[in-house]
Amino acid sequence: MIAMDQIIREGDPILRQKTEKVELPASEEDKETLSEMLQFVKNSQDDEMVKKYQLRPGVGLAAPQIGISKRMLAVHFTDFHDKSYSYGLFNPKILSHSVEKTYLQNGEGCLSVDRDVPGIVPRYARITVKATTLEGEEVKLRLKGYAAIVLQHEIDHLDGVMFYDHINQDNPFQPPENSTPAEEM
Ligand SMILES: CC(C)(C)[C@H](NC(=O)Nc1cc(F)cc(F)c1)C(=O)N(CC(=O)NO)CC1CCCC1
Ligand SMILES: [Zn+2]
């Protein structure tokens, strides 16, 4: 079982590396790892598990955050329209995105960042992601708002990008041009 002490924290160079594609069909080892990552995110939203293992409630996790430099991520969350997402994804790729941007009005955090970094994180409002699921099926996900934000945050980790890299240093709270808050999408 993945516990918080296995989560790599900022400062470790692995979080700034570009990850390698996963050989498909995935090996038993890679499937086991991705399954444990998905289970960690689910556990982190279960009150009993949070209390028992002092988990930080999470919505997603990328492989570099547990020290594995491979293109795989797990997400488990419900968006602002009560639509649920629960996926382990191999080799996710953003095929296309809107010009319009979105953002979380309270900014973002990260399981690998033990400090508050205030500011708006501009994200694409709508994205189309191609990936292979833990079950081995190729999927094309059309995401918007909060779901688009979560996937962009996790895919960024696969390219060594941290959420605060996107914050406007001159005016951290300036909403981006042509954007709508995710809470209103
Ligand atoms: C960093 C943390 C604050 C833990 C963040 N959680 C979160 O934003 N809210 C949350 C928590 C829940 F339990 C249930 C729920 F519906 C919402 C998160 O998991 N991540 C994932 C991460 O760090 N991945 O690398 C950060 C989010 C910021 C925007 C998208 C992902
Ligand atoms: Zn993160």
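Predicted model: local features only at pLDDT ≥ 70, side-chain atom pairs only at ≥ 80, totals over all residues.
View 1. Are Cys110 and His157 buried or exposed? Cys110 has a relative accessible area of 4%, so Cys110 is buried. His157 has 2% relative accessibility and counts as buried too.

**View 2. A salt bridge between Asp114 and Arg9.** Side chains of opposite charge can pair when their charged atoms come close. In this view, Arg9 and Asp114 form a salt bridge through their side chains, with 2.7 Å from N to O. Why does the pair tie together parts that are 105 residues apart in sequence? Because Asp114 lies in the loop between strand E4 (101–103) and strand E5 (123–124), whereas Arg9 is in the segment before helix H1 (28–43). Asp114 is exposed, with a relative accessible area of 54%. Arg9, with a relative accessible area of 29%, is partly exposed.

**View 3. A salt bridge between Asp165 and Arg16.** Look for the closest N and O atoms of this pair: they are 2.6 Å apart. Asp165 is found in the loop between helix H3 (145–158) and strand E8 (179–181), and Arg16 in the segment before H1. The two residues are 149 residues apart, and the pair links distant parts of the chain.

View 4. The side chains of Lys18 and Asp159 meet in a salt bridge, 2.7 Å from N to O. Asp159 lies in the loop between H3 and E8 and Lys18 in the segment before H1, so parts that are 141 residues apart in sequence are tied together by this pair. Asp159 counts as partly exposed at 28% relative accessibility, and Lys18 counts as exposed at 57%. Which residues are joined into one network by salt bridges that share partners? They are Lys18, Arg71 and Asp159. Beyond this close-up, the structure holds 10 salt bridges.

**View 5. Strands E2 and E3, joined in a hairpin.** Now we turn from side chains to strands. Strand E2 (residues 72–78) and strand E3 (residues 84–97) run antiparallel and are joined by 7 bridges. The hairpin of E2 and E3 has 5 residues between the strands. At Asp82 in this hairpin, phi is positive, near 60°.

**View 6. Strand E3 and its partner E6.** Strand E3 also pairs with strand E6 (residues 126–133). How many bridges join E3 to E6, and do the strands run parallel or antiparallel? There are 6 bridges, and the strands run antiparallel. A handy landmark is His97, which stands opposite Ile127 in E6.

Definitions and conventions. Residues numbered from 1 in each chain as written. Chains lettered and ligands numbered in written order. Heavy atoms only, no water. Salt bridge = Lys/Arg side-chain N within 4 Å of Asp/Glu carboxyl O. Helix = DSSP H or I, 4+ residues; strand = E, 2+ residues; numbered from the N terminus. Buried < 20%, exposed > 50% of the residue type's maximum accessible area, 1.4 Å probe, protein only. Pairing = 2+ DSSP bridges.
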